[in-house]
Amino acid sequence: MDRVPVLEEPLKKLLGPATAKVMAEHLDLHTVGDLLHHYPRRYAERGELTALADLPLDEHVTVVAQVATARILKFNNGRGQRLEVTITDGSGQLQLVFFGRGIHKPHKDLLPGTRAMFAGKVSAFNRKLQLAHPAYELLRGDSTEAVDSWAGALIPIYPATAKLESWKIAKAVDAVLPSAQEAVDPLPRSLRDGRGLVTLPEALLKIHRPHGKSDVDEAKDRLKWDEAFVLQVALARRRYAETQLPAVARKPQPDGLLDAFDAKLPFTLTEGQQKVTKEIFDDLATEHPMHRLLQGEVGSGKTMVALRAMLAVVDAGGQAAMLAPTEVLAQQHHRSVTEMMGELAEGGMLGGTEHATKVVLLTGSMGAAARRQALLDLVTGEAGIVIGTHALIEDKVQFHDLGLVVVDEQHRFGVEQRDALRSKGKQPPHLLVMTATPIPRTVAMTVFGDLETSVLDQLPAGRSPIASHVVPAADKPHFLARAWDRVREEVENGHQAYVVCPRIGDDLDDKAAAKKKSAEDEAEKRPPLAVVEVAEQLTAGPLAGLRVEILHGRMAPDDKDAVMRRFAAGDVDVLVATTVIEVGVNVPNATAMVIMDADRFGVSQLHQLRGRVGRGSAPGLCLLVTEMPEASPARGRLSAVASTLDGFELSRIDLEQRREGDVLGQAQSGVRSSLRVLTVIDDEEVIAEAREEAVTLVSKDPDLVHYPELRTALDALVDKEREQYLEKG
């Protein structure tokens, strides 16, 4: 029987069952290799102490400090006693408290002048920070040699849990560290030497037990390359495999549907639209499937570009399907596409022209007869274009000849959903993925690394600027009153407005909110504002007399569509809605938007919402209402949104504020992020260079025949679930 490779040995063999169980359950660490890749979060120097002054409340921390005072206090008329220890690090002080019988050992150990590591949860008592019953580890050396090495070394502080303190993890690492020598090095030697990187065993040794800062830097440089390179090789192999797949080349006919459509356009395409269209049409003309990501700011005309690509495919005898994340959006797209096409969308009907095709809508809530007709139009090829929700993916749906799949708002679709739709073509169809969420270049290289990227960064002529302001409702209530006056002014000038709330506010919603109270909600002691209540308050108060209606995701599809039609027709002055209006809703006459509890939304979501106003010739206004205090990070986020309309700048801010791991979409792949030392924003150069190296290597040796170690690392890092995620993303 083959020997299990050392790094795949289960931890329980080396560490004992109790420790191994906590590591598996709380840190998702199961093997020796997992533990070796659980890197320290930071390092404390013996000479310099952690800043006690800025410890975060309610977080589990590890600090290195010196005991200043220790005293036993009696309470309950002398029946109870507690030990209070004050520790200091030069920047501040922290109180430790121990109660009851648990005071004897720490009273003996923690004498003034003693240095130790302390771990516990930071709480506040009498407005002072404290750790109650912290775990501690004394720092002392017995021989002079031990003292010297102890004084010079850095103390690794590991990401820990309440059940397992950092120093216990450090002891476990000591037990497995000798196995690092057996680590298989995935980087080809030529690449390692060319870039002056240390070997993997050496990097693991230096990151866990550095003798100084230079060791940590060397280790991180090397480990970043591992992460970037192995990931880019996975993506490069994916792209290479795609180029080997067959697809039908789709070239538009001269004087066909596309030319007829272009002849009707009342405007010329922007330079950006022309450039991106050329990239897409070049891809469609090849005999392997297009895989392209189309990024464009809200309102940059992505839908027009996608529609022309769909018309080109219909011209070439194929069908095109557009997948939208919600029914509201699918209906909106269907409406705008049929309006833009006019009689060209009336194939087979009276009034349709010779080049016309049918444009059908397919959603889950359609009536049986309409649905049957739509399915029939698809299978016979009568319908050249279909727009729908995930109802398009069901087994019953068959196409005559699916040539192009357009996915709108990529991040809202599970990988399997996109793949299921792609499998409906006789040969793999071409794929165009659209997103209005600007994605920084490095993220595009990492997350969408198997897609070629096109960017639309100029707005069509005639789009108006949007002014954004933060409205601090708690500090300055008169600002909120002024916000409602501004909405009235817009309506009096013949325009319309949106009011966006984080919650619907019906019974179901309230029960869910009661169950899922976050710490932030607890702190604020009030649930997020809801559409139903806000609409009632506005109609009874500041917006009395205006035509106010509501829109949210739990309404019946026909009701939603009816509300949107009335709003688009100008029969509603103010629409109070949830984020169902976030993408794709296009009402040029809407000029103002008030976002309630704006701090409850993410940066890119706010940017998306704001893009719904200023779509016509009148300037847009977006008011971000919040009760958060001025110095809070939430207010900082809102100020950033108000200060710039550049989506790429905002997505960068968003990324810096969130955990990097989210970038690689574990939500979709269900596994822990493989990014441990690589940060997508700061390591742009490493990612770009790793991509180049990966492309070169894969083009010469796609099966990695000459790189067995890299192959092994690929299997380990990109485990099966993750490989599928990358594959289909």
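## Cysteines and disulfides

A disulfide is a pair of cysteine sulfur atoms within 2.5 Å. By this criterion, the structure, which is a predicted model, holds zero disulfides. Two of the cysteines may be described by their surroundings. C501 is buried, since its relative accessible area is 1% and the limit for a buried residue is under 20%. C622 also counts as buried, at 2% relative accessibility.

## Overall composition

The protein has 729 residues, of which 52% are buried. Its secondary structure consists of 28 helices and 21 strands. The accessible surface comes to about 33000 Å², and carbon and sulfur atoms account for 51% of that surface.

The contacts also show how the chain is arranged. When contacts between residues at least 6 apart in sequence are considered, 75% of them join residues at least 24 apart.

## Confidence of the model

The average pLDDT of the protein is 81, and 83% of the residues score at least 70. Among the elements, strand β17 (residues 496–500) has the highest mean pLDDT, 94, whereas helix α25 (residues 666–669) has the lowest, 30.

Two stretches call for caution. Over residues 142–148 the pLDDT is below 50, and this stretch has two contacts in the model beyond near neighbours in sequence. Over residues 659–674 the pLDDT stays under 50 as well, and here the model has 40 contacts beyond four places in sequence. Where pLDDT is low, the predicted coordinates should not be read in detail.

## Nonpolar cores

The largest nonpolar core contains 35 residues, and I280, M341, I385 and L404 have the most contacts inside it. Helices and strands both contribute: α10 (257–264), α11 (271–284), α12 (302–315), β10 (319–323), α13 (327–341), β12 (383–388), β13 (402–408) and β14 (430–435) each supply at least two residues. Helix α12 provides the largest share of this core, 10 residues.

L404 illustrates how such a residue is surrounded. Beyond its neighbours within four places in sequence, L404 is in contact with residues including L284, M290, A309, M310 and V313. The contacts of L404 also include Q319, A320, A321, P429, H430, L431 and L432. Apart from this core lies another, of 33 residues, among them L29, Y39, V173 and A219.

Helix α22 (residues 603–610) is mostly covered, with six of its eight residues buried. These buried residues are V603, L606, H607, Q608, L609 and R610.

A loop residue can be buried as well. T363 is found in the loop between β11 (358–362) and α14 (368–380). T363 counts as buried because its relative accessibility is 1%, which is under the 20% limit. Leaving aside residues up to four places away in sequence, T363 touches E327, A330, R371, T389 and A391.

## Salt bridges

Side chains of opposite charge can pair when their charged atoms come close. A search of the whole structure finds 33 salt bridges. One of them joins the side chains of E218 and K206, with a distance of 2.7 Å from N to O. E218 lies in helix α9 (residues 213–244) and K206 in helix α8 (residues 200–208), so this pair ties together parts that are 12 residues apart in sequence.

A second salt bridge lies within a single helix. D226 pairs with R222, and their closest N and O atoms are 2.6 Å apart. D226 and R222 are separated by about one helical turn, because they are four residues apart in helix α9. Both D226 and R222 are buried.

R335 belongs to helix α13 and D561 to helix α21 (residues 557–568), so the pair ties together parts that are 226 residues apart in sequence. R335 counts as buried, at 14% relative accessibility, and D561 is buried with a relative accessible area of 14%.

Definitions and conventions:
Residues numbered from 1 in each chain as written. Predicted model: local features only at pLDDT ≥ 70, side-chain atom pairs only at ≥ 80, totals over all residues. Heavy atoms only, no water. Buried < 20%, exposed > 50% of the residue type's maximum accessible area, 1.4 Å probe, protein only. Contact = heavy atoms within 4.5 Å. Areas by Shrake-Rupley, 256 points an atom, 1.4 Å probe, with all protein chains shown as cover. Core = buried A, V, L, I, M, F, W, Y, C linked by side-chain atoms within 4.5 Å. Salt bridge = Lys/Arg side-chain N within 4 Å of Asp/Glu carboxyl O. pLDDT = per-residue confidence, 0-100.
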